[in-house]
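Please look over the chain shown here before you read the points. They are meant to be checked against it one at a time.

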Amino acid sequence: MSSTRTKQFHTRCQEDVYRQVKSHLDELVEEHFDDAEHCDFYLKYGSTVLEISIKPFQDQDDDAVIEVLAFCVQGVEPSFELMRDLLRFNTEVPLGGFSMDGRDIFFSHSFLGRELPPEQLIASLQTVATISDEYDEKIVANYGGETALECLRGQARNASTDAARDADNN
């Protein structure tokens with residue numbers, strides 16, 4: 001018997017904003033993945049992988065935060081020079097910012113979403129994807145790692161190689 005995963009909304013507004021974002025994505029992009037357990041969406045936008053998260057705004061019931069996050073570079077070795085450059089990059093971009101978690105670099109932009117026109121969502125998606133795409137190859141060239149798209153392609157190649165090997169063993 002399979003278990004059905006349900007979304008866990010913390011506020012009514014979070015649920016309303018989630019449904020707005022889903023409706024806009026259904027209209028604006030060809031394909032997106034709706035995370036079954038969280039209030040997240042994933043999509044490929046140009047050469048970038050984006051995550052859209054909807055979270056409650058602080059302890060308030062009357063708004064929710066939409067975060068558009070790009071998986072920029074993965075597997076990069078942290079260093080003082082890299083951190084300095086990420087801070088410098090943050091001063092160069094019109095909105096959003098770079099962050100690092102472990103060996104992965106992200107670029108994200110957050111905004112309140114209670115009243116979300118589709119133009120605001122698409123502008124955020126375009127800006128985050130464009131900035132991530134503009135900087136990811138610079139970061140890889142100077143500090144190593146791989147772009148999120150390269151990482152996904154590598155994982156797909158490994159999965160198909162593993163599947164072929166398993167088929168050969170049967």
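1. Lys22 is partly exposed, at 29% relative accessible area. Partly exposed covers the range between buried, which is under 20% relative accessible area, and exposed, which is over 50% (1.4 Å probe, protein chains only). The side chain of Lys22 meets that of Asp26 in a salt bridge, 3.4 Å from N to O. A salt bridge here is a side-chain nitrogen of Lys or Arg within 4 Å of a carboxyl oxygen of Asp or Glu. Asp26 is also partly exposed, at 47%. Lys22 and Asp26 are about one helical turn apart because they sit four residues apart in helix H1.

2. A word on the basis of the values. The model is predicted: local features need pLDDT of at least 70 and side-chain atom pairs count only at pLDDT 80 or more, while totals for chains, interfaces and linings use all residues. Residues are numbered from 1 along each chain as its sequence is written, and side-chain values use heavy atoms, with hydrogens and water left out. Helices (H or I, at least four residues) and strands (E, at least two) are DSSP runs numbered from the N terminus.

3. Arg12 pairs with Asp16, with 3.7 Å between the closest N and O atoms, and the two lie four residues apart in H1, about one turn of the helix. Arg19 pairs with Glu15 at 2.5 Å, N to O; these two are again four residues apart in H1. An α-helix has 3.6 residues a turn, so residues three or four places apart point the same way. The count for the model comes to nine salt bridges.

4. Arg12 is exposed at 57%, whereas Asp16 is partly exposed at 33%. Arg19 is partly exposed at 47%. Glu15, in helix H1 (residues 12–28), counts as buried because its relative accessibility is 17%.

5. Is Glu51 buried or exposed? Glu51 is buried, with a relative accessible area of 13%, and lies in strand S3 (residues 48–56). Its side chain makes a polar contact of 3.3 Å with that of Ser53. A polar contact is a pair of N or O atoms within 3.5 Å; within protein, one must be able to donate a hydrogen and the other to accept it, and residues adjacent in sequence count only if both atoms are side-chain atoms. Not counting residues up to four places away in sequence, Glu51 touches Asp40, Phe41, Tyr42, Glu67, Val68, Leu69 and Phe71, where contact means heavy atoms within 4.5 Å. The C-alpha atoms of Glu51 and Leu69 are 5.1 Å apart, although 18 residues separate the two along the chain.

6. Gln74, in strand S4, counts as buried at 19% relative accessibility. Beyond four places in sequence, Gln74 touches Arg103, Asp104, Gly145, Glu146, Ala148 and Cys151.

7. The largest nonpolar core has 37 residues, and those with the most contacts inside it are Val21, Ile52, Ile54, Phe98 and Ile139. Such a core is a set of buried Ala, Val, Leu, Ile, Met, Phe, Trp, Tyr and Cys residues joined through side-chain atoms within 4.5 Å. At least two residues each come from H1, strand S2 (40–45), S3, strand S4 (64–74), H2, S6 and H3. H3 gives the most, with eight residues. A second, separate core of five residues includes Val49, Leu69, Phe106 and Ala148. Val21 is in contact with Phe41, Ile52, Ile54, Ile66, Leu116 and Leu121, leaving aside neighbours within four places in sequence.

8. Helix H2 (residues 80–92) has 13 residues and reaches 19 Å from its first C-alpha to its last, close to the 18 Å expected at 1.5 Å a residue; the expected span is 1.5 Å times one less than the number of residues. The buried residues of H2 are Leu82, Asp85, Leu86 and Phe89. Seen down the axis, these fall within an arc of 105°, so they line one face of the helix; the arc is that of the directions from the helix axis to the C-beta atoms. The face turned away from the buried side carries the exposed residues Phe80, Leu87 and Thr91. The cover over the buried residues of H2 includes strand S5 (97–101), strand S6 (104–112) and helix H3 (118–143).
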